[in-house]
Amino acid sequence: MWTADEIALLCYEHYGIRLPKKGKPEPNREWTLLAAVVKIQSPADQDCDTPDKPAQVTKEVVSMGTGTKCIGQSKMRKSGDILNDSHAEVIARRSFQRYLLHQLQLAATLKEDSIFVPGTQKGLWKLRRDLIFVFFSSQTPCGDASIIPMLEFEDQPCCPVIRDWASNSSVEASSNLEAPGNERKCEDPDSPVTKKMRLEPVTAAREVSNGAAHHQSFGKQESGPVSPGINSCNLTEEGLAAVTRIAPGSAKVIDVYRTGAKCVPGEAGDSGKPGAAFHQVGLLRVKPGRGDRTRSMSCSDKMARWNVLGCQGALLMHFLEEPIYLSAVVIGKCPYSQEAMQRALTVRCQNVSALPKGFGVQELKILQSDLLFEQSRCAVQAKRADSPGRLVPCGAAISWSAVPEQPLDVTANGFPQGTTKKTIGSLQARSQISKVELFRSFQKLLSRIARDKWPDSLRVQKLDTYQDYKEAASSYQEAWSTLRKQAFGSWIRNPPDYHQFK
């Protein structure tokens, strides 16, 4: 059917050919992260693939995003015209929503072939059965999925490890723990952890690994080691003993790469103890800010939510008979732990039950590619060698959607690149994937459909604001409420007055 390397290569080629130079990292000085959604279509006449004749599939990138930053809460706006979170995964998902809106418009107006076919209920649509979507990210998502053990050997490999979390939830020996070095972490070369690491005798490969960084807010981010993949929110003495046992190749887990993502209020919190006990795993986390704290949940948390509620969001659920789920997640070559990925994206929600019809915790396939993103931090660090100056994350974010009008969108600080203080608030100062613009696209879709063909959820009451339309998607809201009650009770939600725009 398809492989992780094929998905990664397709995304890297798309990045190189379809995305403009504007918004990409400055050579030898900046790095960025990449995420995308890939549509995979199976041929109708091939039911399954066999060893002799594998099924041929069609692969197409339908959305893409780059970016490493998010804004602090003081910069949030009630008008919905700023991007609060510009991490690559979030940009790719919002770009995907834009693509879905366009495809719904094609289906509703019967103009062209669409990925949607009529559902069984009036005004509702469902995804064609020969299609699936695969999510790609050049790096493990920030937060819980990036809490990976630090092993005591010089040349740490970037190959995946496997553990069956579903069948064994106990803390096991560290033979399954993988070497880390997450790209979105150490941005500040003067941090205490970074200084300590540089004093240790390490090879060049180890040094790059230790310097790898997490997604950034608009400013520096705290750096250092982060917690290993252990199926427990509390790293007990027993757990710590397991983590620090000898790993493959006589490599001991000596520490954990520390994520800058902070535990949300209401969670147990990290212990802050030295070494491998620094973090607790499985917790909800918020992306950090420099002084000005953000209200953006980590990408690990957001992706876990998508795996239960779908990627379409509340607005689009009005037109859909069932959520749009990802079938697989592919991660590019980077320090990686299969157990941490599974824990963060699926295991935390595996016991959620009593969801509305159509919703459910998905069995997400998680794979890693052996192909490195050429503008990742590790790749740029290796190329620049002893170049003067500091390596920094690219300040811009690029959005691309497979839509005919204005597919590209380049932003910085949450607004289109080049926006000035004087123009903020104008139509020109809105990203195509901002809340207000996606809402405008949704309203445009509504205007093209005869009112008597609207789904019941949009006809039973008068709806006015963005908040009204979101709340009226009753099945989605019920599923979200159930998920919060059973798994994500401490999730940070923005006050309703941030959603009152029209």
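**View 1. Lining of the largest pocket, by residue class.** In this predicted model, the lining of the largest pocket holds 19 nonpolar, 10 polar and 10 charged residues. The space in this pocket is about 960 Å³. The lining has 39 residues, and those closest to the pocket centre are Arg-94, Arg-305, Lys-435, Lys-470 and His-499.

**View 2. Helices around the largest pocket.** Six named helices each give at least two residues to the lining: H2 (88-109), H6, H7, H10 (435-447), H11 and H12. H2 supplies the largest share, with five residues.

**View 3. Helix H12.** H12 covers residues 474-486, 13 residues in total. From first C-alpha to last, H12 reaches 18 Å. That is close to the 18 Å expected at 1.5 Å a residue. Buried residues in H12 are Tyr-476, Gln-477, Ala-479, Trp-480, Ser-481, Thr-482, Leu-483 and Arg-484. What do the buried residues of H12 pack against? Their partners are helix H6 (299-309), helix H7 (313-317) and helix H11 (466-472). H12 also supplies at least two residues of the lining of the largest pocket.

**View 4. The largest cavity.** The whole structure contains four cavities of 30 Å³ or more. The largest cavity has about 60 Å³ of space. Its lining includes Met-76, Arg-77, Gly-80, Asp-81, Ile-82 and Asn-84. Lys-435, Asn-494, Tyr-498 and His-499 line this cavity too. By class, the cavity lining has three nonpolar, four polar and three charged residues.

Key. Residues are numbered from 1 along each chain as its sequence is written. This is a predicted model: local features need pLDDT of at least 70, side-chain atom pairs count only at pLDDT 80 or more; totals for chains, interfaces and linings use all residues. Side-chain values use heavy atoms; hydrogens and water are left out. On a 1 Å grid over the protein atoms alone, a cavity is a set of points where a 1.4 Å probe fits but cannot get out, and a pocket is an open set with protein on both sides within 12 Å along at least five of seven lines; lining residues have an atom within 4 Å of a point. Grid points are joined across faces, edges and corners, and a volume is the space filled by probe spheres set on the points. Ala, Val, Leu, Ile, Met, Phe, Trp, Tyr, Cys and Pro count as nonpolar, Asp, Glu, Lys and Arg as charged, and the others, Gly among them, as polar. Helices (H or I, at least four residues) and strands (E, at least two) are DSSP runs, numbered from the N terminus. The expected span of a helix is 1.5 Å times one less than its number of residues. Buried means under 20% relative accessible area, exposed over 50%, partly exposed in between (1.4 Å probe, protein chains only). Contact means heavy atoms within 4.5 Å.
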